[in-house]
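Visitor: I have a model open and would like to learn how to read its features. Could you walk me through it?

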Amino acid sequence: MTDKRSPAERVAQLRLDEQTAARRRNILVVAAVVALVVVVTVVGLVVQGRRDSTGGPVSMTPTGVTSDYGVVLGAKDAPHKVVVYEDFQCPICNEFEKATSEKVQAAIKAGKISVEYRMVSFLDRVSKNAYSSRAANASLAVLHVAGPAAFQKFHTMLFENQPAEGTAGPDNAELVDDAVRAGADRGEVEKLIDDGAYDEWVANATDAMSQHGVNGTPSVSVDGVMAKSPAEGLDALLKVV
């Protein structure tokens with residue numbers, strides 16, 4: 001079949017493919033470095049799941065979430081369904097986001113896929129100011145106030161601003177500023193972020209993840225098939241975008 005793309009478009013695609021390949025290598029490297037952390041996380045989640053099978057009562061539920069504690073972006077009738085479990089403090093999730101974000105957003109816009117993001121929080125212990133749970137709460141506040149498009153922009157910002165392990169992430173005032181830049185009304189979103197309005201919802205989402213047998217992030221399912229590793233999930237996702 002004749003390639004109808006212009007030379008500039010082909011060069012741009014080659015560069016994007018090279019960047020994706022480089023980031024896939026980064027995912028593998030980071031995955032090896034944090035292997036011990038993953039093991040600890042698995043143990044922690046199993047213990048947590050056994051200790052708390054129901055989660056606490058949720059006083060506030062954000063608008064637009066699924067019964068499986070997810071946020072769906074894309075058309076309901078998209079031919080491919082993707083589910084991604086992620087933690088905003090997770091370094092492998094960040095590498096995964098860098099490797100896929102541009103293509104995923106294009107595929108969502110083209111109606112090729114829908115993506116259900118299931119944000120969880122179990123990495124506050126490696127943050128000096130609980131970025132994992134505060135970022136997850138803030139993402140839901142943006143969804144509630146401004147809808148899926150603003151959520152998608154803010155989701156990208158949260159990974160771009162991910163702090164290194166052992167350091168402090170953006171404080172609440174900075175999260176509010178980013179939420180406004182993503183499209184949320186300051187007067188509505190600020191209190192939800194400052195009050196941690198969806199903290200219990202996020203805690204229950206994390207419980208649900210462990211009860212579903214998912215014990216690490218990023219975990220990726222494409223068309224109902226759960227990948228066995230982040231690298232396998234990356235390959236599966238790139239085949240449908």
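Predicted model: local features only at pLDDT ≥ 70, side-chain atom pairs only at ≥ 80, totals over all residues.

Guide: Residues are numbered from 1 along each chain as its sequence is written, and side-chain values use heavy atoms, with hydrogens and water left out.

Visitor: How many helices and strands are in the chain?

Guide: Helices (H or I, at least four residues) and strands (E, at least two) are DSSP runs, numbered from the N terminus. Here the chain has nine helices and five strands. Along the sequence they come in the pattern α-α-β-β-α-β-α-α-α-α-α-β-β-α.

Visitor: And what share of the residues is buried?

Guide: Buried means under 20% relative accessible area, exposed over 50%, and partly exposed in between, with a 1.4 Å probe and protein chains only. Of the 241 residues in the chain, 47% are buried. As for contacts (heavy atoms within 4.5 Å), take those in the chain with a separation of 6 or more: residues 24 or more positions apart account for 82% of them.

Visitor: Now helix packing. What is the angle between α3 and α5?

Guide: Two packed helices are described by the angle between their axes and the distance between the axes. The axes are lines fitted to C-alpha atoms, for helices over the stretch in contact, and angles run from 0 to 180 degrees between N-to-C directions. Helix α3 (residues 91-109) packs with α5 at about 155 degrees, and their axes are 10 Å apart. The two are therefore roughly antiparallel; the cut-offs are under 35 degrees for roughly parallel, over 145 for roughly antiparallel, 65 to 115 for roughly perpendicular, and oblique for the rest.

Visitor: Is the crossing of α3 and α5 left-handed or right-handed?

Guide: Left-handed. That word applies if the near helix is turned anticlockwise from the far one by less than a right angle, and right-handed applies if clockwise. On the α3 side, the residues in contact are Cys93, Asn94, Glu97, Ser101, Gln105 and Ile108, and they meet Gln152, His155, Thr156 and Phe159 in α5. By class, this contact of α3 with α5 has three nonpolar, six polar and one charged residues. For the classes, Ala, Val, Leu, Ile, Met, Phe, Trp, Tyr, Cys and Pro count as nonpolar, Asp, Glu, Lys and Arg as charged, and the others, Gly among them, as polar.

Visitor: What about α4 and α7: at what angle do they cross?

Guide: Helix α4 (residues 131-146) and helix α7 (residues 186-194) cross at roughly 150 degrees, and their axes come within 9 Å. That makes α4 roughly antiparallel to α7. The crossing of α4 and α7 is right-handed. In α4, Asn137, Ala138, Ala141, Val142, His144 and Val145 meet Glu188, Val189, Leu192 and Ile193 of α7. The contact of α4 with α7 divides into seven nonpolar, two polar and one charged residues.

Visitor: Next, rings. How many aromatic pairs are there?

Guide: A pair of aromatic rings is described by the distance of the centres and the angle of the planes. Rings of Phe, Tyr and Trp (its six-membered ring) pair if their centres lie within 6.5 Å; planes under 30 degrees apart count as stacked, over 60 as edge-to-face and the rest as tilted. By this rule there are three aromatic pairs. In one of them, the ring centres of Tyr117 and Phe151 are 6.5 Å apart with planes at 50 degrees, so the pair is tilted. Tyr117 lies in strand β3 (residues 113-119) and Phe151 in helix α5 (residues 148-160), so the pair ties together parts 34 residues apart in sequence. Tyr117 counts as buried at 8% relative accessibility, and Phe151 is buried at 0%.

Visitor: Which residues does Ala136 touch?

Guide: Ala136 is in helix α4 and is buried, with a relative accessible area of 0%. Not counting residues up to four places away in sequence, Ala136 touches Phe88, Met119 and Val202.
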